[in-house]
Amino acid sequence: MIGCSAGPLATVLSLEQVSYHPATVPRPLLRQVSMAVRPGETAVVAGPSGAGKSTLLELVAGLIQPGRGRICWQGNPMDRRQRHRRCGLVFQFPERHFLGLTVRQELQLGQRRLTEERLGAVLTQVGLNHVPRQQPPERLSGGQQRRLALAVQLLRNPQVLLLDEPTAGLDWSVRDSLLTLLGQLRTGRVLLVVTHEPKLFAPLQPRCWRLQDGGLEPYQEEQPVTIKPA
Ligand SMILES: Nc1ncnc2c1ncn2[C@@H]1O[C@H](COP(=O)(O)OP(=O)(O)OP(=O)(O)O)[C@@H](O)[C@H]1O
Ligand SMILES: [Mg+2]
(Lines give C-alpha, C1' and ligand atoms only; values in the text may rest on other atoms or scores of the structure.)
(Ligands and ions follow the chains in the order given, each with its own letter.)
Protein backbone atom coordinates (compact mmCIF):
# COMPACT_ATOMS: atom_id res chain seq x y z
CA MET A 1 0.00 0.00 0.00
CA ILE A 2 1.33 3.45 -0.86
CA GLY A 3 1.24 5.77 2.16
CA CYS A 4 0.07 9.40 2.13
CA SER A 5 2.67 11.89 3.30
CA ALA A 6 2.04 12.38 7.01
CA GLY A 7 3.87 15.67 7.63
CA PRO A 8 6.05 16.48 10.61
CA LEU A 9 3.62 15.00 13.14
CA ALA A 10 1.54 11.88 12.57
CA THR A 11 -1.87 12.61 11.10
CA VAL A 12 -5.01 10.61 11.57
CA LEU A 13 -7.20 11.86 8.74
CA SER A 14 -5.63 13.37 5.66
CA LEU A 15 -6.68 14.37 2.17
CA GLU A 16 -3.98 14.51 -0.44
CA GLN A 17 -4.48 16.33 -3.73
CA VAL A 18 -8.14 15.35 -3.89
CA SER A 19 -10.06 16.50 -6.97
CA TYR A 20 -13.70 16.05 -7.84
CA HIS A 21 -15.21 17.01 -11.16
CA PRO A 22 -18.67 15.67 -12.03
CA ALA A 23 -19.13 15.37 -15.80
CA THR A 24 -22.17 17.66 -15.75
CA VAL A 25 -20.33 20.78 -14.52
CA PRO A 26 -17.81 22.80 -16.52
CA ARG A 27 -15.26 23.27 -13.69
CA PRO A 28 -14.00 20.92 -10.95
CA LEU A 29 -15.86 21.36 -7.66
CA LEU A 30 -12.66 20.51 -5.77
CA ARG A 31 -9.17 21.06 -7.16
CA GLN A 32 -6.29 19.17 -5.57
CA VAL A 33 -7.40 19.85 -2.03
CA SER A 34 -5.16 18.70 0.79
CA MET A 35 -5.62 18.79 4.53
CA ALA A 36 -4.24 16.88 7.49
CA VAL A 37 -5.82 16.44 10.90
CA ARG A 38 -3.67 15.30 13.78
CA PRO A 39 -4.77 13.20 16.76
CA GLY A 40 -7.05 15.14 19.08
CA GLU A 41 -7.70 17.93 16.59
CA THR A 42 -11.03 19.24 15.41
CA ALA A 43 -11.18 20.51 11.83
CA VAL A 44 -13.41 23.26 10.54
CA VAL A 45 -13.82 23.89 6.83
CA ALA A 46 -15.45 27.22 6.13
CA GLY A 47 -16.80 28.42 2.83
CA PRO A 48 -19.69 30.25 1.20
CA SER A 49 -22.80 28.54 -0.10
CA GLY A 50 -21.98 26.40 -3.13
CA ALA A 51 -18.26 26.20 -2.31
CA GLY A 52 -18.36 22.41 -2.15
CA LYS A 53 -18.41 21.85 1.62
CA SER A 54 -21.06 19.12 1.59
CA THR A 55 -19.35 17.54 -1.41
CA LEU A 56 -16.12 17.40 0.59
CA LEU A 57 -17.88 15.56 3.43
CA GLU A 58 -19.51 13.14 1.00
CA LEU A 59 -16.07 12.32 -0.39
CA VAL A 60 -14.59 11.72 3.04
CA ALA A 61 -17.63 9.63 4.07
CA GLY A 62 -17.25 7.39 1.02
CA LEU A 63 -20.57 8.39 -0.54
CA ILE A 64 -18.75 9.57 -3.64
CA GLN A 65 -15.35 8.84 -5.11
CA PRO A 66 -12.71 11.47 -5.93
CA GLY A 67 -11.51 11.67 -9.52
CA ARG A 68 -7.97 12.06 -8.24
CA GLY A 69 -6.14 12.03 -4.96
CA ARG A 70 -6.25 10.03 -1.75
CA ILE A 71 -8.09 10.11 1.53
CA CYS A 72 -5.97 8.48 4.23
CA TRP A 73 -6.21 7.20 7.77
CA GLN A 74 -2.93 7.22 9.67
CA GLY A 75 -1.12 7.58 6.38
CA ASN A 76 -2.87 4.70 4.61
CA PRO A 77 -5.23 5.39 1.70
CA MET A 78 -8.80 4.30 2.38
CA ASP A 79 -11.18 2.91 -0.22
CA ARG A 80 -14.85 3.86 -0.18
CA ARG A 81 -15.87 1.02 2.12
CA GLN A 82 -13.18 1.83 4.63
CA ARG A 83 -14.19 5.49 4.62
CA HIS A 84 -17.83 4.57 5.06
CA ARG A 85 -17.02 2.31 8.00
CA ARG A 86 -14.75 4.80 9.71
CA CYS A 87 -16.93 7.91 9.29
CA GLY A 88 -20.31 8.97 10.63
CA LEU A 89 -21.89 11.72 8.53
CA VAL A 90 -24.57 13.95 10.03
CA PHE A 91 -26.23 15.81 7.17
CA GLN A 92 -27.31 19.42 7.29
CA PHE A 93 -30.83 19.49 8.80
CA PRO A 94 -30.60 15.77 9.66
CA GLU A 95 -34.13 15.84 11.06
CA ARG A 96 -35.41 15.98 7.48
CA HIS A 97 -34.02 12.50 6.95
CA PHE A 98 -35.48 10.74 9.99
CA LEU A 99 -37.25 7.51 8.99
CA GLY A 100 -38.21 5.97 12.34
CA LEU A 101 -41.69 6.45 13.77
CA THR A 102 -40.23 6.67 17.26
CA VAL A 103 -36.93 7.63 18.86
CA ARG A 104 -36.27 3.93 19.50
CA GLN A 105 -36.99 2.99 15.87
CA GLU A 106 -34.76 5.74 14.56
CA LEU A 107 -31.88 4.35 16.62
CA GLN A 108 -32.66 0.74 15.70
CA LEU A 109 -32.56 1.32 11.93
CA GLY A 110 -29.61 -0.54 10.50
CA GLN A 111 -28.70 -1.93 13.95
CA ARG A 112 -29.45 -5.63 14.01
CA ARG A 113 -28.50 -6.25 17.62
CA LEU A 114 -28.99 -3.11 19.62
CA THR A 115 -29.15 -3.86 23.34
CA GLU A 116 -31.15 -1.74 25.77
CA GLU A 117 -27.89 -1.02 27.55
CA ARG A 118 -26.22 0.37 24.42
CA LEU A 119 -29.35 2.33 23.49
CA GLY A 120 -29.46 3.88 26.96
CA ALA A 121 -25.75 4.64 26.91
CA VAL A 122 -25.86 6.48 23.61
CA LEU A 123 -28.97 8.44 24.60
CA THR A 124 -27.22 9.42 27.83
CA GLN A 125 -24.13 10.43 25.87
CA VAL A 126 -26.17 12.91 23.80
CA GLY A 127 -28.30 14.05 26.77
CA LEU A 128 -31.55 12.42 25.64
CA ASN A 129 -31.98 9.64 28.17
CA HIS A 130 -34.96 11.40 29.74
CA VAL A 131 -36.88 11.47 26.45
CA PRO A 132 -39.55 8.74 26.07
CA ARG A 133 -38.27 6.23 23.52
CA GLN A 134 -41.74 5.88 22.02
CA GLN A 135 -41.84 9.58 21.19
CA PRO A 136 -41.97 10.40 17.46
CA PRO A 137 -38.73 12.16 16.40
CA GLU A 138 -40.67 15.05 14.91
CA ARG A 139 -42.07 15.84 18.36
CA LEU A 140 -38.58 16.49 19.73
CA SER A 141 -37.30 20.05 19.92
CA GLY A 142 -34.87 21.25 17.25
CA GLY A 143 -31.85 20.76 19.52
CA GLN A 144 -33.06 17.31 20.61
CA GLN A 145 -33.47 16.27 16.98
CA ARG A 146 -29.83 17.20 16.31
CA ARG A 147 -28.81 15.16 19.35
CA LEU A 148 -30.80 12.19 18.05
CA ALA A 149 -29.08 12.45 14.66
CA LEU A 150 -25.72 12.41 16.46
CA ALA A 151 -26.81 9.38 18.50
CA VAL A 152 -27.68 7.49 15.30
CA GLN A 153 -24.13 7.97 14.08
CA LEU A 154 -22.51 7.32 17.48
CA LEU A 155 -24.08 3.87 17.53
CA ARG A 156 -21.80 3.03 14.61
CA ASN A 157 -18.73 3.94 16.69
CA PRO A 158 -17.21 6.22 14.06
CA GLN A 159 -13.62 7.35 14.47
CA VAL A 160 -14.50 10.41 12.40
CA LEU A 161 -17.66 12.47 12.90
CA LEU A 162 -18.48 14.56 9.84
CA LEU A 163 -20.87 17.39 10.65
CA ASP A 164 -22.55 19.46 7.96
CA GLU A 165 -23.61 22.83 9.41
CA PRO A 166 -24.48 21.21 12.76
CA THR A 167 -25.87 24.39 14.34
CA ALA A 168 -27.84 25.69 11.33
CA GLY A 169 -31.29 26.95 12.21
CA LEU A 170 -30.88 26.62 16.00
CA ASP A 171 -31.30 29.55 18.36
CA TRP A 172 -28.28 30.68 20.34
CA SER A 173 -28.90 28.85 23.63
CA VAL A 174 -29.56 25.54 21.86
CA ARG A 175 -26.51 26.18 19.69
CA ASP A 176 -24.35 26.71 22.78
CA SER A 177 -25.47 23.48 24.41
CA LEU A 178 -24.90 21.57 21.15
CA LEU A 179 -21.39 23.01 20.98
CA THR A 180 -20.77 21.81 24.52
CA LEU A 181 -21.89 18.34 23.44
CA LEU A 182 -19.57 18.45 20.40
CA GLY A 183 -16.76 19.40 22.77
CA GLN A 184 -17.43 16.18 24.65
CA LEU A 185 -17.81 14.01 21.55
CA ARG A 186 -14.43 14.96 20.13
CA THR A 187 -12.66 12.95 22.82
CA GLY A 188 -11.13 9.95 21.08
CA ARG A 189 -12.36 10.85 17.61
CA VAL A 190 -11.87 13.36 14.83
CA LEU A 191 -14.54 15.98 14.30
CA LEU A 192 -14.69 17.53 10.85
CA VAL A 193 -17.21 20.37 10.69
CA VAL A 194 -18.18 22.27 7.55
CA THR A 195 -19.88 25.60 8.00
CA HIS A 196 -20.33 29.08 6.63
CA GLU A 197 -20.12 30.40 10.21
CA PRO A 198 -16.69 29.20 11.42
CA LYS A 199 -16.54 31.67 14.32
CA LEU A 200 -19.27 29.73 16.10
CA PHE A 201 -16.89 26.79 16.44
CA ALA A 202 -13.99 28.75 17.96
CA PRO A 203 -14.72 27.23 21.41
CA LEU A 204 -13.68 23.86 19.96
CA GLN A 205 -10.24 25.35 19.20
CA PRO A 206 -10.25 23.90 15.71
CA ARG A 207 -7.70 23.83 12.93
CA CYS A 208 -9.34 25.82 10.12
CA TRP A 209 -9.43 25.76 6.34
CA ARG A 210 -11.28 27.90 3.84
CA LEU A 211 -12.83 26.35 0.75
CA GLN A 212 -13.32 28.68 -2.18
CA ASP A 213 -13.32 28.33 -5.97
CA GLY A 214 -12.50 24.63 -5.59
CA GLY A 215 -9.34 25.29 -3.54
CA LEU A 216 -8.72 24.65 0.16
CA GLU A 217 -6.42 26.94 2.17
CA PRO A 218 -5.53 26.80 5.87
CA TYR A 219 -6.17 29.89 7.94
CA GLN A 220 -6.07 30.91 11.60
CA GLU A 221 -9.39 31.53 13.33
CA GLU A 222 -9.54 34.14 16.10
CA GLN A 223 -8.48 32.99 19.53
CA PRO A 224 -11.17 30.89 21.17
CA VAL A 225 -13.32 31.39 24.18
CA THR A 226 -12.95 28.36 26.49
CA ILE A 227 -15.78 25.87 26.14
CA LYS A 228 -18.19 25.72 29.06
CA PRO A 229 -18.16 22.57 31.20
CA ALA A 230 -21.21 20.28 30.81
N1 LIG B 1 -22.77 15.41 -8.49
C2 LIG B 1 -22.86 16.69 -8.82
N3 LIG B 1 -23.05 17.04 -10.09
C4 LIG B 1 -23.13 18.33 -10.42
N5 LIG B 1 -23.04 19.36 -9.58
C6 LIG B 1 -22.88 19.06 -8.30
C7 LIG B 1 -22.76 17.72 -7.84
N8 LIG B 1 -22.59 17.74 -6.50
C9 LIG B 1 -22.59 19.06 -6.14
N10 LIG B 1 -22.76 19.84 -7.23
C11 LIG B 1 -22.74 21.31 -7.23
O12 LIG B 1 -21.55 21.71 -6.60
C13 LIG B 1 -21.72 22.92 -5.90
C14 LIG B 1 -21.25 22.73 -4.47
O15 LIG B 1 -22.23 21.98 -3.77
P16 LIG B 1 -22.18 21.72 -2.20
O17 LIG B 1 -23.53 21.25 -1.80
O18 LIG B 1 -21.05 20.84 -1.89
O19 LIG B 1 -21.89 23.18 -1.65
P20 LIG B 1 -21.92 23.70 -0.14
O21 LIG B 1 -20.65 24.44 0.08
O22 LIG B 1 -22.22 22.57 0.76
O23 LIG B 1 -23.12 24.72 -0.17
P24 LIG B 1 -24.16 25.12 1.02
O25 LIG B 1 -23.39 25.99 1.99
O26 LIG B 1 -25.22 25.89 0.32
O27 LIG B 1 -24.66 23.85 1.65
C28 LIG B 1 -23.18 23.28 -6.04
O29 LIG B 1 -23.29 24.25 -7.05
C30 LIG B 1 -23.84 21.98 -6.43
O31 LIG B 1 -24.98 22.18 -7.22
MG1 LIG C 1 -23.81 22.12 2.01
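Which residue in β2 does valine 18 stand opposite? Valine 18 stands opposite valine 33. The model discussed here is predicted. Its chain holds six helices and ten strands. The radius of gyration is 18 Å, close to the 17 Å that the globule rule gives for 230 residues, so the chain is as compact as a globular protein of that length.

**Overall dimensions and contacts**

- Taken along the principal axes, the C-alpha atoms of the chain fill a box of roughly 45 × 40 × 35 Å.
- Buried residues make up 35% of the 230 in the chain.
- Among contacts between residues at least 6 apart in sequence, 66% join residues at least 24 apart.

**The four-stranded sheet**

- Four strands form an open sheet with antiparallel pairing, in the order β2-β1-β4-β5.
- The edges are β2 (30-37) and β5 (76-77); each has a single partner strand, so one side of each is left without a neighbour in the sheet.
- Strand β1 (residues 13-20) pairs with β2 over five bridges in the antiparallel sense, and valine 18 opposite valine 33 in β2 is one example of facing residues.

- Helix α1 lies across β1, β2 and β4 (68-73), and runs at about 115 degrees to β1.
- The helix spans residues 53-61, where Lys53, Leu56, Leu57, Leu59, Val60 and Ala61 are buried.
- In an α-helix there are 3.6 residues a turn, so residues three or four places apart point the same way.
- Just after α1 comes glycine 62, with a positive phi of about 85 degrees.

**The six-stranded sheet**

- A second open sheet has six strands in the order β6-β7-β8-β3-β9-β10, and its pairing is mixed.
- At its edges stand β6 (87-90) and β10 (215-219), each with a single partner strand, so one side of each is left without a neighbour in the sheet.
- From one strand to the next, the twist averages 20 degrees.
- β6 runs parallel to strand β7 (residues 160-164), and four bridges join the two; valine 90 has leucine 163 in β7 as its bridge partner.

**Strand β3**

- Five of the five residues of β3 (residues 42-46) are buried, so this strand is largely enclosed by the rest of the structure.
- Both of its faces are covered, with Thr42, Val44 and Ala46 buried on one side and Ala43 and Val45 buried on the other.
- β3 pairs with strand β8 (residues 190-195) in the parallel sense over five bridges, and alanine 43 has leucine 192 in β8 as its bridge partner.
- β3 also pairs with strand β9 (residues 207-212), in the parallel sense over four bridges; here the bridge partner of alanine 46 is arginine 210 in β9.

**Surroundings of ligand 1**

- Ligand 1 is surrounded by 13 residues, and the closest are Pro22, Ser49, Lys53, Ser54 and Thr55.
- By class, the shell around ligand 1 has four nonpolar, eight polar and one charged residues.

**Loop residues**

- Most residues other than glycine have a negative phi, and most peptide bonds are trans.
- Phenylalanine 93 has a positive phi, near 45 degrees, and is not a glycine.
- This phenylalanine 93 lies in the loop between β6 and α3 (103-108); with 15 C-beta neighbours inside 10 Å, phenylalanine 93 counts as partly exposed.
- Glutamine 205, likewise not a glycine, has a positive phi of about 50 degrees.
- The loop between β8 and β9 holds glutamine 205, which counts as partly exposed because 17 C-beta neighbours lie inside 10 Å.
- Aspartate 171 lies in the loop between β7 and α6 (172-185), and counts as exposed because it has 10 C-beta neighbours inside 10 Å.
- From C-alpha to C-alpha, aspartate 171 and leucine 150 are 18 Å apart in space, and they are 21 residues apart in sequence.

Methods. Residues are numbered from 1 along each chain as its sequence is written. Chains are lettered from A and ligands numbered from 1 in the order in which they are written. This is a predicted model: local features need pLDDT of at least 70, side-chain atom pairs count only at pLDDT 80 or more; totals for chains, interfaces and linings use all residues. The radius of gyration is taken over C-alpha atoms; the globule rule is 2.2 Å times the number of residues to the power 0.38. A residue is buried if 20 or more other C-beta atoms lie within 10 Å of its own, exposed if 12 or fewer, and partly exposed in between; C-beta atoms are placed from the backbone. Two residues are in contact if their C-beta atoms, placed from the backbone, lie within 7 Å. Two strands pair if DSSP finds at least two bridges between them. Axes are lines fitted to C-alpha atoms, for helices over the stretch in contact, and angles run from 0 to 180 degrees between N-to-C directions. A residue is near a molecule or strand if its C-beta atom, placed from the backbone, lies within 6 Å of it. Ala, Val, Leu, Ile, Met, Phe, Trp, Tyr, Cys and Pro count as nonpolar, Asp, Glu, Lys and Arg as charged, and the others, Gly among them, as polar.
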